[in-house]
Structures are given as C-alpha cells and as structure tokens.
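Here is a short briefing to read alongside the model. Have the viewer open and follow the topics in order.

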Amino acid sequence: MSKRWLLVGTWCLAMFSFAHAQADGIVRIDSLAPAAGSAAEQHAGIFAERDFIADPDQPSIIGNGRWRLQPAAGIDQPLLLVYHPYSARVSARGPGLAAPVTQTLFDRDLDPQYSRHALVFPLLSDGPVDIAVEGARYPLQVAVVPRNRHIAHDLTQVRILLLSVGVLVGVSLTVLLFWAMLRERVYLLYAATMALQMLFLLCSYGEAYALPGLRALAVFGAPGIWFIATLSTMAAVWMLQDYAGLRSRVPRLSLAMRWAGIYIPVLVLLLLVAPWPARKEWFPNVGNALFLLTNALAITALYRAWRKGGRHAGFILIAWVPLVFFSTARAIQLSMGIPVEPWLQYGLPLVLAFTAVVLALGLADRMLTFRRERDTAQQHAERDWLTGVLNRGGIEHRLDWAVLNTRREGMPLSLLFLDLDNFKQVNDCFGHALGDACLRAVVRLVSEELQYGDHLGRLGGEEFVLGLPGADSARAIAMAEHLRLKIQAQCEQVEGVPAAVTVSIGVTQCNATDTVATLIKRADKAMYIAKHGGRNRVATLEAAAV
C-alpha cells in the first residue's frame with residue numbers, strides 16, 4: 001500500500017513539475033560548470049543537507065554554478081525571474097547584453113517598478129541566457145514570463161502585503177497604547193512580537209530593502225534575516241508564556257519551550273554575531289530545527305493548557321496553528337526547491353494579519369476577564385456576606401458620592417436608619433439561624449422597593465441604612481412608613497416561626513454642611529427617638545435639632 005501511494009505521489013509531482021515547466025516559459029536548462037564549493041554550500045536547509053543535482057525534466061530549478069537557459073520563443077517583453085534568492089548572488093547575460101548583469105536581494109539599485117520577491121532580468125530578444133549563481137543555500141526557482149503578466153502578479157502581491165502590514169501596524173500600535181496606559185507586560189510582548197514578525201515578513205519578501213527606513217538592514221544580508229527570525233521566535237515564546245499562563249498551567253512544557261525558544265537561541269545568536277566560527281552556513285539548519293521544535297512544544301503546551309481550562313490558550317491555538325502551518329510549508333517548499341504556490345505565497349501575509357487580529361481579540365477578552373474578576377473581588381469586599389447588601393465600608397463609600405452629588409447638583413438626599421425591634425429576643429428564643437433568616441427577609445422586602453440609585457447597606461448587627469438620592473424629607477418619611485408596615489405585615493412569621501419582626505426607622509435629610517458621618521449620626525438619633533416612642537414607628541430629625 002505504501003509503495004502504491006509513493007508511486008501516485010511521484011506521478012503527481014512529475015505532472016505538476018511538467019505543467020510548471022511549461023508555464024515557466026523555459027525550454028531547457030543546461031549545466032555549464034559547477035561553482036567552486038557548490039557541493040558544500042548547496043543544500044536544503046530544514047531537514048538534511050544534500051547536494052543539488054539539476055533535473056532535466058524540471059527546467060525551472062537551478063543551484064550554485066553556471067547554467068545556460070533556453071527561453072521559449074515568442075514571449076512578449078520577456079523577463080527572467082529568479083525567485084526567493086535570499087543569500088544568492090545571481091548574474092545573467094542574455095542576447096544583446098555586452099556584460100553580465102549581477103543582482104542580489106539586498107542591492108539598493110534594483111529596478112523599483114518591480115517588487116523584490118524575485119530578481120528581474122529583462123531579456124532584449126530570444127536566445128539562450130547564461131546564468132551564474134553563487135552563495136545559494138537551496139535550489140532557486142527560475143521562470144521567463146511576459147512583462148505584463150509579472151507586473152500583474154507583482155501588484156497582487158504588493159497589495160496583499162500592504163494590506164497585511166497595515167493590519168499589523170494598526171493592531172500593534174493599538175495594543176502598544178494599551179501597554180502605555182496599563183503597564184502590563186503581555187501587551188508590550190505582543191506589540192514586540194507582531195513588530196518582529198512584520199519585519200521578518202518584509203525582509204523575507206525583500207520589500208524591507210526598498211523602504212527608506214529599513215534599507216539599512218541590507219548590509220547584514222541573509223544573516224540579518226536569520227537574526228530577525230530568531231528574535232521574533234524568542235519574543236513569541238515569551239509572549240505565549242504570559243498570554244496563556246503556561247508557567248502555572250503546564251510548567252514542564254513551559255520550561256522546555258523557554259529552552260528551545262529562548263535560552264538556546266540566545267546562545268546561537270551570540271555565535272552568529274561572533275567572529276568565531278567564521279563560517280555561518282550552519283545557522284539556518286540549527287535555527288529551523290529550533291523553530292520546528294519550539295512550535296511543536298508550543299502547540300502541545302497550548303493544547304494541554306486549553307484542556308485544563310485555559311481560555312486564552314484556545315485563542316492562541318486558533319491564531320497560531322495556521323501561522324505555523326503556512327510558515328513551515330513555505331520554508332519546506334523553498335528548501336526542497338518546490339515552486340511556492342500562489343496561495344502559500346500570498347496566504348502567509350494574510351495569515352499573519354489574521355493571527356494579529358485574533359491575538360488582539362484574545363487580549364481584549366483577557367482584559368475583560370480580569371475586569372470581571374476585579375469587579376467580583378471588589379463586590380465581595382463591599383458586600384455583607386449574610387444579606388448580600390453593602391457592608392459598612394461599601395455603604396459609606398456610596399453615600400459619600402451621593403453627598404458630593406447633592407452639593408454639586410442641588411438635588412435632595414434623604415437617609416433612613418432601620419433597626420429591628422427586640423432582635424436579641426428573637427435570637428435568644430428561636431436561635432441565631434432564625435435571626436439570620438429574619439435579617440434576610442427584611443432585606444428582601446426593602447430591596448423590592450428600591451429604585452435606581454438607591455443604596456441599602458448593613459452597618460452591623462440588625463442595623464441598616466437606606467440612602468435615597470433625589471428624595472426630600474416628606475418622600476423619605478412616606479417611604480419609611482411604607483417599609484415599616486410592609487415588614488410588620490410580611491414578617492409576622494419567618495420560615496413558619498412567629499417571630500413578629502418589626503422595625504424602628506429614623507429619617508433625616510442631608511443639608512449643605514453634612515458629611516456621611518453626620519448624616520448617619522442624625523438618622524441614628526432619629527431612630528432612637530422612634531425606639532423610645534414605643535418601637536415599630538418612624539421618627540424624623542432635622543439638622544437644626546442636632
């Protein structure tokens with residue numbers, strides 16, 4: 001069975017290669033002479049080094065050395081294209097050219113009317129073209145196409161690239177502003193990761209070396225691309241650790257990620273920039289191996305963290321897996337000399353933009369989650385555990401704001417002080433459990449009468465205060481009398497026990513000089529007047545009477 005599938009795969013690849021060769025406008029490519037050291041330098045850079053051997057049935061792939069290319073006749077304004085050259089130095093001499101034209105991806109004076117995903121050599125007429133390639137690390141794809149077709153493809157790629165870069169810049173700047181306000185490290189790590197990913201995208205597609213602010217990176221050549229790619233992986237690992245809480249959820253996998261994605265790459269980068277070893281051809285293989293290992297560990301860690309309830313790990317899985325797939329597939333095709341399909345060439349920038357947007361949405365969800373947790377914690381801190389209403393600190397805080405609003409807007413504010421009558425006897429006769437039930441029953445009845453902006457809180461024991469913003473003394477007295485009668489009627493029995501709960505209520509209205517303390521003190525005094533008057537009644541006390 002495996003041999004049958006291997007034959008089918010080989011046949012499909014051969015058919016694809018034949019179709020691609022026909023579409024590339026090349027009749028044949030002949031090897032003239034191997035370049036010095038080509039056997040040592042030409043290899044696929046991801047899985048295993050191998051000498052490059054030209055395939056006569058695939059006249060669109062060349063490696064280091066000298067080649068003679070025969071374009072198809074009759075192509076309108078033919079252009080010789082050498083795709084994804086990176087470290088390669090390519091010279092071409094065609095009909096009508098007195099001297100070879102030499103180009104690299106990092107040249108400042110490349111023709112600006114074309115993008116840099118390919119080196120472009122205009123051919124003046126039909127006839128063989130001599131090509132010399134030096135420094136290539138993997139097989140190069142070549143094609144001869146009409147100028148108008150190449151320009152159309154160029155425009156498509158540039159538009160997609162600009163769209164993706166625009167999304168990356170916009171989202172990263174927004175998140176960076178969040179970091180400037182909140183000072184939470186994950187936002188800074190996100191912005192740094194997306195910026196490095198965008199820079200690597202521009203460098204790997206060659207467009208960085210055509211931009212005024214980034215063309216200085218050309219002096220670093222291919223090692224500069226390697227360096228940026230490694231830095232982007234390190235920043236991504238650091239971000240993922242904080243974003244998904246991997247250190248606490250999957251500590252062992254998190255540690256393995258840091259070794260494969262941060263600690264070892266730091267050592268590798270130091271060797272890359274150090275004078276020893278002088279030759280740096282080993283770096284792409286090591287870097288790609290670490291890249292694959294890090295992403296495998298990351299996906300495993302994120303999946304396990306998600307299964308353990310890590311909601312934000314799920315966001316990263318949605319965003320990261322497509323990016324890893326596209327990046328790895330493109331790297332494999334380049335290294336193996338397989339022509340990169342348009343969906344892969346154009347899809348990588350779009351997937352990177354998709355990753356940025358999904359991760360930003362995850363950050364927003366993360367912020368919302370933390371806000372809910374903060375609000376819940378604050379609510380618990382301000383709430384009475386037994387009755388659910390505001391505790392003493394919570395009600396005083398709310399009343400403080402109500403007093404300030406009263407002074408600023410001139411609106412009335414009244415305060416009711418409620419105290420359950422003979423509550424100690426209820427506890428002594430029926431037990432504290434029934435006493436707690438009586439407190440909850442009173443709170444429920446009072447809460448049913450609350451309007452928007454009213455504040456109910458428990459000062460302690462059986463004492464409650466009710467703030468009524470917008471209510472003058474007359475309205476507050478009417479409210480107090482209504483509550484007194486309602487509690488007397490509906491708390492005659494509590495949980496089937498004849499508790500006969502009643503309340504004494506003191507009422508007062510806030511004046512221009514009141515504070516929360518003086519307002520509560522006066523309402524408390526009014527409540528004691530009601531107590532001394534026989535309980536189960538309402539009493540009021542104005543500021544002048546204190």
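Strand 10 (residues 413-420) runs antiparallel to strand 12, and seven bridges join the two. Please keep in mind that this is a predicted model. The points below start from these strands and move on to charged pairs, cysteines and a surface patch.

**Strands around strand 12**
- Two residues sit between the strands in the hairpin of strand 11 and strand 12, where Gly-461 takes a positive phi near 55°.
- Strand 12 (residues 463-469) is largely enclosed by the rest of the structure, because five of its seven residues are buried.

**Salt bridges**
- The structure holds 17 salt bridges.
- One of them joins the side chains of Asp-419 and Lys-531, at 2.7 Å from N to O. Asp-419 belongs to strand 10 and Lys-531 to helix 15 (residues 516-532), so this pair ties together parts that are 112 residues apart in sequence.
- Both Asp-419 and Lys-531 are buried, Lys-531 with a relative accessible area of 15%.
- Lys-531 forms a salt bridge with Asp-421 as well, with the closest N and O atoms 2.8 Å apart. Asp-421 lies in the loop between strand 10 and helix 12 (423-430), so its pairing with Lys-531 in helix 15 links parts that are 110 residues apart in sequence.
- Asp-421 counts as buried too, at 5% relative accessibility.
- In helix 14 (residues 473-490), Glu-481 and Arg-484 lie three residues apart, about one turn of the helix, and their side chains meet in a salt bridge of 2.4 Å, N to O.
- Glu-481 is partly exposed at 30% relative accessible area, whereas Arg-484 is buried at 11%.
- A network of salt bridges links Arg-444, Glu-448, Glu-449 and Lys-486.

**Cysteines**
- The count of disulfides is zero.
- The cysteine sulfur closest to that of Cys-438 is in Cys-491, 6.9 Å away, which is too far for a bond.
- Cys-438 is buried at 0% relative accessibility, while Cys-429 is exposed at 60%.

**Nonpolar surface patch**
- Helix 3 (residues 147-182) gives the most to the nonpolar patch, with three residues.
- Leu-176 has its place in helix 3 and counts as partly exposed, at 33% relative accessibility.

Note on methods:
Residues numbered from 1 in each chain as written. Predicted model: local features only at pLDDT ≥ 70, side-chain atom pairs only at ≥ 80, totals over all residues. Heavy atoms only, no water. Disulfide = S-S within 2.5 Å. Buried < 20%, exposed > 50% of the residue type's maximum accessible area, 1.4 Å probe, protein only. Helix = DSSP H or I, 4+ residues; strand = E, 2+ residues; numbered from the N terminus. Pairing = 2+ DSSP bridges. Salt bridge = Lys/Arg side-chain N within 4 Å of Asp/Glu carboxyl O.
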